[in-house]
Structures are given as structure tokens and as C-alpha cells.
Amino acid sequence: MANKFFCPHCTAHLNPGTKIVLRAAKGKRKGMVLLSPEVGNYTCIIGEGLKLVKGEKVHFECPVCGADLTSSVDRRLSEVLLRRGADEFVRVNFSNTFGEEATFVITGDDVASYGTDAQRFSGFNFFGEGGESD
Ligand SMILES: [Zn+2]
């Protein structure tokens, strides 16, 4: 069964078809980006006009509510929700940089990493500020 992804702000279903649909911008260039719903699969379709170059940082927005999907973990990551089971949602963070392969699935107190560039984000705190007690 295909993974179902949702906007963390308006909870719109982001992959009603076979791809995750996000609005993307790089400076004045804007377009749609279609991503694979398979975690760790980095094939993507870039809308005409956006013309991304490897290494460029992309700004992702929800195509339904327009919310900024930048992750609270780090500005180099964007965040969407993945539905697990009937009513459970887990956070998925992925790199904003075109060509950088790094995805993190955050479940409870565990983070599963995917992609050849994931180690660049090692040591990141995916559980928000104040999670650690001192
Ligand atoms: Zn939304």
C-alpha cells in the first residue's frame, strides 16, 4: 500500500495520485515538484520554469494552504506528515537541497535515516528544544 503524506499545517493529502505534489520556489522561479511517496526514492519531476540545478536550496510550500514547509529542526530541511496505520502520523523531514539525498522519519523517540547524504545531518535534534533534561 502506498504511503500517504499530509501537510503538517492544513492536513491536506499531498499525494492523491502516484506522486507527492509540492509547490516549490527558488528565488523568482516557481513551480510544482513531484516527489516519490517511497521514502528513500529520490526520483522527482520538476515543473517547467523552475529549472533546478544540483546544490540549489529550494523553498517548499503546501500546494493547498501555501504554508511554508521548512522544518523546525533546521532550515535545510522541509517537513511533511506520513500516515501510519489508521490515525497515527509521523514527521518526515527531507533535505531542501536539490540533489541532496537525505530523509528522516521521526517516530516517537526514534529517527530512521535514508539517503546517501543523511550523515551530513548527524547530531541534529529532531525532537525540538527542551526535550533534553539537564
Ligand atoms: Zn497545507
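A: A salt bridge here means a side-chain nitrogen of Lys or Arg within 4 Å of a carboxyl oxygen of Asp or Glu. Side chains of opposite charge can pair when their charged atoms come close. The model is a predicted one.

Start with Arg-91 and Glu-79. Their side chains meet in a salt bridge, at 3.3 Å from N to O. How exposed is each partner? Buried means under 20% relative accessible area, exposed means over 50%, and partly exposed lies in between. Glu-79 has 12%, so this residue is buried. Arg-91 has 23%, so this residue is partly exposed.

Another part of the picture is a network. Glu-100, Asp-117 and Arg-120 are joined by salt bridges that share partners. Across the whole structure, the search finds 6 salt bridges.

One of them joins Arg-23 and Glu-61, with 2.8 Å from N to O. Arg-23 is in strand β2 (residues 20-26) and Glu-61 in strand β5 (residues 59-61), so this pair ties together parts that lie 38 residues apart in sequence. Arg-23 is partly exposed, at 34% relative accessibility.

A further pair is Glu-56 with Arg-29, at 2.9 Å from N to O. This pair also links distant parts of the chain: Glu-56 is in the loop between β4 (44-46) and β5, Arg-29 is in strand β3 (residues 29-35), and they are 27 residues apart. Glu-56 counts as buried, because its relative accessibility is 17%. Arg-29 counts as partly exposed, at 27%.

β1 and β6 pair in the antiparallel sense, over 3 bridges. Phe-5 stands opposite Leu-82 in β6.

β8 (residues 103-107) and β9 (residues 110-114) pair in the antiparallel sense, over 5 bridges. Thr-107 has Asp-110 in β9 as its bridge partner. The two strands form a hairpin with 2 residues between them. In the turn, Gly-108 has a positive phi of about 55°.

A zinc ion is coordinated at 2.3 Å by the SG atoms of Cys-7, Cys-10, Cys-62 and Cys-65. Along the sequence, these donor residues follow the spacing C-x2-C-x51-C-x2-C. Why is the arrangement called tetrahedral? Because the 4 donor atoms subtend angles of 101 to 113° around the zinc ion. Cys-7 is buried, with a relative accessible area of 0%. Cys-10 counts as partly exposed, at 29%.

Back to the starting pair.

Terms used: Residues numbered from 1 in each chain as written. Predicted model: local features only at pLDDT ≥ 70, side-chain atom pairs only at ≥ 80, totals over all residues. Heavy atoms only, no water. Pairing = 2+ DSSP bridges. Helix = DSSP H or I, 4+ residues; strand = E, 2+ residues; numbered from the N terminus. Buried < 20%, exposed > 50% of the residue type's maximum accessible area, 1.4 Å probe, protein only. Donors = N, O, S within 2.8 Å, 3.2 Å for Na, K, Ca; no water. Tetrahedral: all angles 85-135°; square planar, octahedral: opposite > 155°, others 65-115°.
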